[in-house]
Amino acid sequence: MREMLNTLRRDGETTSASLVDLDRSDSLYANRVKDMKSAATRDLMATLSRPGMISLAGGFPDTKTFGEETFREISHQVAADSTQALQYGPTAGLEEIRDVIVDVMAAEGTCARREDVLVTAGAQQGLDLLGKVFLDEGDVVLCEGPTYVGALNAFSSYRPRIIHVPMDDAGMIPSALREALYKAHSQGVRVKFIYTIPNFQNPAGVTLAAERRRELLKIAREYDLIILEDNPYGMLRFEGEAPPTLAALEQEETGRVDRVVYLGTFSKIFAPGVRLGWIHARPDILHNVNLVKQGSDLCSSNLSQMLVCAYFRRSDWRGYVERLTNAYRERRDAMLDALAEFMPQGVHWTRPEGGFFVWVTLPSYVDATAMLPEAIARNVAYVPGESFYGGEEGKNYMRLNFSFADPEKIRRGIELLAAVVREQIEPGRSLGSTGKSAA
Ligand SMILES: Cc1ncc(COP(=O)(O)O)c(C=O)c1O
């Protein structure tokens with residue numbers, strides 16, 4: 001992957017004088033750095049902004065529709081209290097924003113209290129802080145296979161063993177989870193937590209069914225595990241009924257916040273530029289998170305927190321989420337229609353009911369990582385499936401994003417990509433395939 005990314009950098013002329021020599025001073029680097037893999041999209045960022053490129057690779061929300069006027073208004077309100085905006089704040093976050101978070105969680109059906117909330121620099125920092133709080137070297141993390149590359153990156157600093165649990169259209173498969181736990185226990189390794197993205201999963205786009213959420217809670221209780229519920233996309237639902245969050249279910253079942261640690265973010269319902277998210281957890285966990293956050297950044301930006309408060313207290317944020325959802329639904333439809341129209345036999349994909357991503361399965365002999373330079377040469381980009389696994393799996397998958405490009409571009413992008421895929425599929429082999437479908 002490293003070599004491939006260097007080639008892409010070279011082709012995209014993204015580094016000016018010389019390429020970064022990744023192996024220089026290798027002996028000085030901590031082992032944790034050697035285990036990290038960069039998010040492919042971060043590496044490809046400059047290539048992706050090349051004129052004419054249709055990127056289905058990133059995971060960017062569409063911030064164009066937010067509106068300059070609203071942004072000016074909320075900035076103006078924040079400027080009125082510049083003393084606080086320019087100052088350090090409490091590690092857990094300002095009280096006002098924690099109250100906003102309680103309201104946002106209530107809008108998703110989860111009852112929360114201000115004292116159970118800690119503000120983070122995006123959900124991404126939450127993942128890192130929780131890794132720091134829970135993981136010793138060699139501990140096992142159970143997560144969906146595939147899973148969010150940023151989580152793999154955050155956890156990898158603490159050198160855990162990642163075990164991927166297979167999914168189907170209804171999310172993580174509980175019997176496979178039990179099997180993985182049984183195996184881990186028979187090998188005498190300590191499993192610390194289950195990491196799940198239950199709604200419109202990144203990258204697979206699937207949603208964990210309500211009865212499986214109950215089953216996951218049951219398993220976590222049986223094996224004394226924490227569940228990290230990472231829910232950035234839950235409010236971006238295009239159709240169907242939302243299952244309860246794991247955090248809400250646990251409270252319903254036990255009457256308290258216990259083993260579910262919930263991660264939320266303003267990135268997808270407002271803007272990633274504010275870099276604000278949160279952790280909702282029971283007091284002892286939050287106490288430890290607070291300690292490690294002090295060592296990490298002291299506190300999140302007051303300026304950003306006040307911006308979020310001004311917006312959520314005075315504007316129609318639910319109306320904005322609805323507008324975003326409508327736009328993303330249209331783009332999802334454009335992508336699914338184009339996939340059905342252009343992709344050859346033997347290619348399968350998921351049909352997300354919300355969120356940002358479609359997960360495409362290519363025939364097993366196609367290597368989506370090796371195929372990427374050719375796709376980029378034809379001005380279309382995606383993220384190869386390999387990025388979403390801790391090991392070597394996932395070669396014949398692609399993650400496609402539909403939240404950022406407009407519907408026409410999505411259609412053209414899929415048409416270009418389908419041509420590249422078609423060239424990879426040997427005619428003899430594709431004849432015998434089962435045909436295309438929404439897996
Ligand atoms: C599943 C998941 N978790 C966490 C994050 C990080 O989000 P944030 O912008 O809040 O750091 C993302 C971002 O795309 C994500 O997809």
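Predicted model: local features only at pLDDT ≥ 70, side-chain atom pairs only at ≥ 80, totals over all residues.
Leaving aside neighbours within four places in sequence, with which residues is Phe-266 in contact?

## Nonpolar cores

Ile-97, Val-100, Ile-101 and Val-104 are among its contacts.

Phe-266 belongs to the largest nonpolar core, which has 110 residues. Together with Met-398, Phe-266 has the most contacts inside this core. Helix H14 (residues 317-342) supplies the largest share of the core, 11 residues. Another core, of 26 residues, lies apart from it and includes Leu-135, Ala-151, Phe-193 and Ala-281.

## Helices H9 and H10

Helix H9 (residues 174-186) packs against helix H10 (residues 210-222) with the axes 10 Å apart and at an angle of about 15°. Angles under 35 degrees count as roughly parallel, so H9 is roughly parallel to H10. Their crossing is right-handed.

From H9, the contact involves Pro-174, Leu-177, Arg-178 and Leu-181; from H10, it involves Arg-212, Glu-215, Leu-216, Lys-218, Ile-219 and Glu-222.

## Helices H15 and H16

The axes of helix H15 (residues 368-377) and helix H16 (residues 407-424) cross at roughly 135° and come within 10 Å. This angle makes H15 oblique to H16. The crossing of H15 and H16 is right-handed.

Met-371, Glu-374 and Ala-375 of H15 meet Leu-417, Val-420, Val-421 and Gln-424 of H16. By class, the contact of H15 with H16 contains five nonpolar residues, one polar and one charged.

Notes:
Residues numbered from 1 in each chain as written. Heavy atoms only, no water. Axes fitted to C-alpha atoms, helices over the stretch in contact; angles between N-to-C directions. Helix = DSSP H or I, 4+ residues; strand = E, 2+ residues; numbered from the N terminus. Parallel < 35°, antiparallel > 145°, perpendicular 65-115°, else oblique. Left-handed = near helix turned anticlockwise from the far one by under 90°. Contact = heavy atoms within 4.5 Å. Nonpolar A, V, L, I, M, F, W, Y, C, P; charged D, E, K, R; others polar. Core = buried A, V, L, I, M, F, W, Y, C linked by side-chain atoms within 4.5 Å. Buried < 20%, exposed > 50% of the residue type's maximum accessible area, 1.4 Å probe, protein only.
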